[in-house]
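Good morning, and thank you for coming. Please look at the sequence and the model on the screen while I speak.

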Amino acid sequence: MLFIIGAIIVIACVAGGFVLSHGNLATIWQPYEVLIICGAAFGAFVISNPGKVIKAAFGSLLGLLKGAKYAKKDYLELLGLMFDIFAKARKEGMMSIEEHIEDTHASTLFSKYPKIVKDHHAIDFICDYLRIIVGGNMNPFELENLMDVELETHHHEAEQPAQAITRVSDALPGFGIVAAVLGIVITMGSLDQPPDVIGSHVAAALVGTFLGILFAYGFVGPAATAIEHKVADEAKYLQCIKVCMLATLNGYSPQIAVEFGRKSLFSSERPSFSELEEFLKENKAA
């Protein structure tokens with residue numbers, strides 16, 4: 001939603017300023033310039049990226065229309081799930097959670113948090129490391145190193161769409177110049193025409209440079225940055241899981257383990273101590 005609002009602001013301010021300065025919007029409507037710039041940029045994008053990155057990039061762009069993926073409520077539910085798992089393991093032993101991590105959809109622990117169950121990255125991360133913990137063959141330091149390797153790999157993979165889109169943004173001004181040069185070529189071939197015709201050709205050529213810069217810094221570049229923020233949010237979500245698991249593996253009680261996880265969150269989404277405590281009480285009562 002913020003992406004749409006921002007795009008509207010960019011268009012309104014640029015077009016509005018042009019009109020207020022007595023410009024004619026019809027002058028900057030040059031569909032062939034748009035075809036040259038956007039078509040060439042898309043072709044370069046296809047050349048420079050494998051299919052999986054292209055697919056992920058379009059998925060990430062569509063994801064910008066959905067807003068933030070995680071809010072305070074989502075982190076409360078995550079910490080609630082972690083608490084439930086740790087409390088059961090502490091009370092009944094680690095083997096008691098094995099059936100729950102093998103079939104999360106049938107699990108009474110996981111079924112209370114349907115949004116988390118649908119997040120396959122989070123579920124895979126939780127269940128994989130709980131299996132390792134249940135096996136009991138790895139100390140906290142080794143487990144932390146393994147988690148860090150996986151998180152780094154996941155973050156690198158998740159950043160590829162944003163990096164690919166950023167490179168398109170960097171190239172767009174250049175393609176705008178390509179469109180402008182082609183416009184000048186057309187102009188030079190029309191020197192025998194009246195001044196108004198030559199003037200329209202020059203204006204069309206300049207629009208090419210204008211559109212390349214506008215697309216780069218007004219839309220494509222900001223979109224790549226917004227995707228990077230979403231990637232950072234997902235990384236923080238997984239990091240919260242990591243911190244909770246390491247805390248419980250080091251012998252802390254379920255309440256303290258989820259407090260470790262709460263402290264790892266960004267302040268904008270972090271629930272307060274009392275909010276988390278109240279949520280855990282209500283969740284337990286339910």
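Predicted model: local features only at pLDDT ≥ 70, side-chain atom pairs only at ≥ 80, totals over all residues.

Residues are numbered from 1 along each chain as its sequence is written, and side-chain values use heavy atoms, with hydrogens and water left out.

Helices here are DSSP runs of H or I with at least four residues, numbered from the N terminus. Two packed helices are described by the angle between their axes and the distance between the axes. The axes are lines fitted to C-alpha atoms over the stretch in contact, and the angles run from 0 to 180 degrees between N-to-C directions.

Let us begin with helix 1, residues 2-20, and helix 9, residues 195-249: they pack at about 160°, with axes 10 Å apart. The pair is therefore roughly antiparallel, a term for angles over 145 degrees, whereas under 35 counts as roughly parallel, 65 to 115 as roughly perpendicular and the rest as oblique. Among the residues of helix 1 that meet helix 9 are Phe-3 and Val-14; contact means heavy atoms within 4.5 Å. The residues of this contact comprise 9 nonpolar, 1 polar and no charged. In this classification, Ala, Val, Leu, Ile, Met, Phe, Trp, Tyr, Cys and Pro are nonpolar, Asp, Glu, Lys and Arg are charged, and the others, including Gly, are polar.

Next, helix 4, residues 72-92, packs against helix 9 at about 25°, with the axes 11 Å apart. Helix 4 is thus roughly parallel to helix 9. Their contact has 10 nonpolar, 1 polar and 3 charged residues.

How do helix 3 and helix 8 cross? Their axes come within 8 Å and cross at roughly 90°, which makes helix 3 roughly perpendicular to helix 8. Ala-164 of helix 8 is one of the residues in this contact.

Finally, Asn-49 lies in the loop between helix 2 (31-48) and helix 3 (51-63). Is Asn-49 buried or exposed? Its relative accessibility is 9%, so Asn-49 counts as buried; buried means under 20% relative accessible area, exposed over 50%, and partly exposed in between, with a 1.4 Å probe and protein chains only. The side chain of Asn-49 reaches the backbone oxygen of Phe-45 at 2.9 Å. Leaving aside neighbours within four places in sequence, Asn-49 is in contact with Ile-54, Ala-164 and Arg-167.

Notes:
Helix = DSSP H or I, 4+ residues; strand = E, 2+ residues; numbered from the N terminus. Polar contact = N/O pair within 3.5 Å; in protein donor to acceptor, adjacent residues only side chain to side chain.
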